[in-house]
Amino acid sequence: MTTQGPVHLRWRAAGAAPETEAFTDLDAALDAVEERWEELQHQAPQILDARRILLITTDQRQAAMIEGDDEDGAEPA
């Protein structure tokens, strides 16, 4: 699943303004979310395309993380 970038990751760490980070493509953004999932899962992470249109919601990412745990034989968190 490669969407040409930039692709943006947006989350709410603290305060009113969201944090953002840009990636070259969708795969890089998804990898970053997966690596930082423990931290980001409660901060409403969203993945946006170059036009800042929502590509993947927190709920979709959470479902994918749980599904990935099931495939690895691990219990869902």
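What percentage of the 77 residues in the protein do buried residues make up? Buried residues account for 29% of the 77 residues, where buried denotes under 20% relative accessible area, exposed over 50%, and partly exposed in between (1.4 Å probe, protein chains only). The model is predicted, so local features need pLDDT of at least 70 and side-chain atom pairs count only at pLDDT 80 or more, while totals for chains, interfaces and linings use all residues. Residues are numbered from 1 along each chain as its sequence is written, and side-chain values use heavy atoms, with hydrogens and water left out.

**Fold and surface**

- The protein has three helices and four strands; these are DSSP runs numbered from the N terminus, with helices being H or I of at least four residues and strands being E of at least two.
- Along the sequence, the elements follow the pattern β-β-α-α-β-β-α.
- Of the contacts with a separation of 6 or more, 43% are between residues 24 or more positions apart, a contact being heavy atoms within 4.5 Å.
- The accessible surface is about 5000 Å², and 47% of this surface belongs to carbon and sulfur atoms; accessible areas come from the Shrake-Rupley method with a 1.4 Å probe, and for residues only the protein chains shown count as cover.

**Salt bridges**

- The structure contains three salt bridges, each defined as a side-chain nitrogen of Lys or Arg within 4 Å of a carboxyl oxygen of Asp or Glu.
- R36 pairs with E21, with 3.0 Å between the closest N and O atoms. This pair links distant parts of the chain, 15 residues apart: R36 is in the loop between α1 (26-35) and α2 (37-40), and E21 is in strand β2 (residues 19-25).
- R36 counts as partly exposed because its relative accessibility is 24%, and E21 is likewise partly exposed at 28%.
- R61 forms a salt bridge with E34, the closest N and O atoms being 3.8 Å apart. R61 lies in helix α3 (residues 58-71) and E34 in helix α1, so the pair ties together parts 27 residues apart in sequence.
- R61 is buried, at 12% relative accessibility, whereas E34 is partly exposed at 46%.
- D49 and R51 meet through their side chains at 3.0 Å, N to O; D49 is buried at 9% relative accessible area, and R51 is exposed at 65%.

**Aromatic rings**

- R36 also lies over the face of W11, at 5.2 Å from the ring centre; the criterion is NZ of Lys or CZ of Arg within 6 Å of the ring centre and within 35 degrees of the ring normal.
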